[in-house]
Amino acid sequence: MTATADRAQAVLDPVYWDYFAGGAGDERTLRANEEAYARRRIVPRVLRGVGERDLRTTLFGTELTLPVLIAPTAFHRLAHPEGEAGTAAAAAGAGTVMVVSSAATQPIEEIAATGAALWFQLYPQPDAAFQEHLIRRAERAGCRALVVTVDSPVFGLRDRDSRHGFTELPAGYACENMRDAAGRVRDIAMDAALSWDHVDRIRAATDLPILLKGVLHPGDAELAAAHGVAGLIVSNHGGRQLDGAIAALDALPAVAAATALPVLVDGGVRRGTDVLVALALGATAVLIGRPVVYALATGGRRGVRELLETVRTELDHVLALAGARRPADLTPDLVA
Ligand SMILES: Cc1cc2nc3c(=O)[nH]c(=O)nc-3n(C[C@H](O)[C@H](O)[C@H](O)COP(=O)(O)O)c2cc1C
Ligand SMILES: CC(C)CC(=O)C(=O)O
């Protein structure tokens, strides 16, 4: 991964590089996400007659060829002219799901035209009519789930962006999926007044499965189930919101223990071994954020496809070495 990050830094405008790579505050949580994987060791089983591995995983009726999804990240056209459609084409080719950010720089309909299986990431919007308009559009475009990001009652304080004065998209770029009924692009509202009532309202507004993204506390996992949510994403937003928050991997076991819902995790997943560790500690699947943006920056859709195929090869390989045939065979005793 480091090689790709270095290459991405070399091709990107330094302001955009800092936006993509950076985190909140002192970036402690950003670092902690990767360090949590580096701290874990795998305790393999032997002589399990594993044979051919089977990486397939089904999530809310969609079969994925590997338990690795593309996390929602903003502004793909700032990384590469192919933009979100390039990322989606790679997801389609690899047979996985792309979660499209609310801050995507291409219309969801164009992204969907790649044939990729898409989920739509929604920042809960205080204007109920506008929010419903966004949800309807995602539904019409064929998105198969809503990922509601709940870790952003306010926007994270990111020193790198403040230093650069990077506060809005350059001319010629827009959050194309934040258009209202009149076609005007609205700012993404973050609202500290949002509560579980808002989740209930979103649920009432759609039949799509709803995942809450940004859950770290087991108490919130229990509440999510009570509010009819379909799944959780354990995440600290890649260390971009609350600096000092627990590493995503460290939060995973308690959240998974607190709920019967499918639990996904993102933050710091860089290699097949990381995927194995996350699945063993209770995740049904993982999502990858920055590495996808870096691969897009350096190689467009082909770069992203290559990244996904590398992760697939690595995961297949480490499953064999750890004595597991499929993701469901992974259990917490395999991780020290
Ligand atoms: C450049 C960038 C933009 C992001 N934009 C969004 C977003 O629009 N919505 C969201 O829910 N999460 C967003 N995230 C957070 C990711 O979905 C994910 O939680 C995080 O990147 C995972 O960590 P990783 O980058 O270490 O893989 C963004 C992350 C990055 C790096
Ligand atoms: C445009 C932002 C709201 C995207 C985001 O979530 C992020 O930069 O972490």
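How many bridges join strand E6 to E7, and do they run parallel or antiparallel? Four bridges join E6 (residues 146-149) to E7, and the two strands run parallel. The views below show a predicted model, in which local features need pLDDT of at least 70 and side-chain atom pairs count only at pLDDT 80 or more, while totals for chains, interfaces and linings use all residues. Residues are numbered from 1 along each chain as its sequence is written, and chains are lettered from A and ligands numbered from 1 in the order in which they are written.

**View 1. Strand E7 and its two partners, E6 and E8.** Helices (H or I, at least four residues) and strands (E, at least two) are DSSP runs, numbered from the N terminus. Two strands pair if DSSP finds at least two bridges between them. Between E7 and E8 the chain passes through helix H10 (residues 218-226), in a right-handed β-α-β crossover. A crossover is right-handed if, with the strands pointing away from the viewer, the path from the first strand over the helix to the second runs clockwise. Strand E7 (residues 210-215) is mostly covered, with six of its six residues buried. A residue is buried if 20 or more other C-beta atoms lie within 10 Å of its own, exposed if 12 or fewer, and partly exposed in between; C-beta atoms are placed from the backbone.

**View 2. Strand E10 between E3 and E9.** Strand E10 (residues 285-288) is covered on both faces: Ala285 and Leu287 are buried on one side, Val286 and Ile288 on the other. Strand E3 (residues 68-70) runs parallel to E10 and is joined to it by three bridges. Val68 stands opposite Val286. Strand E9 (residues 263-266) is likewise parallel to E10, with three bridges. In that pairing, Asp266 stands opposite Leu287. The chain goes from E9 through H12 to E10, and this β-α-β crossover is right-handed.

**View 3. The surroundings of ligand 1.** A residue is near a molecule if its C-beta atom, placed from the backbone, lies within 6 Å of it. The shell of ligand 1 holds 24 residues, the closest being Ala71, Ser101, Gly238, Gly289 and Arg290. By class, these 24 residues divide into eight nonpolar, twelve polar and four charged. Ala, Val, Leu, Ile, Met, Phe, Trp, Tyr, Cys and Pro count as nonpolar, Asp, Glu, Lys and Arg as charged, and the others, Gly among them, as polar.

**View 4. The surroundings of ligand 2.** Ala74, Ala103, Ile188, His237 and Arg240 surround ligand 2. This shell has three nonpolar residues, one polar and one charged.

**View 5. Helix H3 and what covers it.** Helix H3 (residues 28-39) has twelve residues and reaches 15 Å from its first C-alpha to its last, close to the 16 Å expected at 1.5 Å a residue. The expected span is 1.5 Å times one less than the number of residues in the helix. Buried residues of H3 are Thr29, Leu30, Ala32, Asn33, Ala36 and Tyr37. Their cover includes helix H11 (248-258) and helix H12 (272-280).

**View 6. Glu27 and Arg28.** Glu27 is found in the loop between helix H2 (14-21) and H3. The phi of Glu27 is near 60 degrees, a positive value in a residue other than glycine. Most residues other than glycine have a negative phi. Glu27 counts as partly exposed because it has 17 C-beta neighbours inside 10 Å. Arg28 lies in helix H3 and is partly exposed, with 16 other C-beta atoms within 10 Å. Not counting residues up to four places away in sequence, Arg28 touches Asp243 and Gly244; two residues are in contact if their C-beta atoms, placed from the backbone, lie within 7 Å. Arg28 and Ala245 are 217 residues apart in sequence and 8.3 Å apart in space, C-alpha to C-alpha.

**View 7. Arg326 in the segment after helix H13 (290-322).** Arg326 is partly exposed because 15 other C-beta atoms lie within 10 Å. Leaving aside neighbours within four places in sequence, Arg326 is in contact with Arg53 and Asp54.
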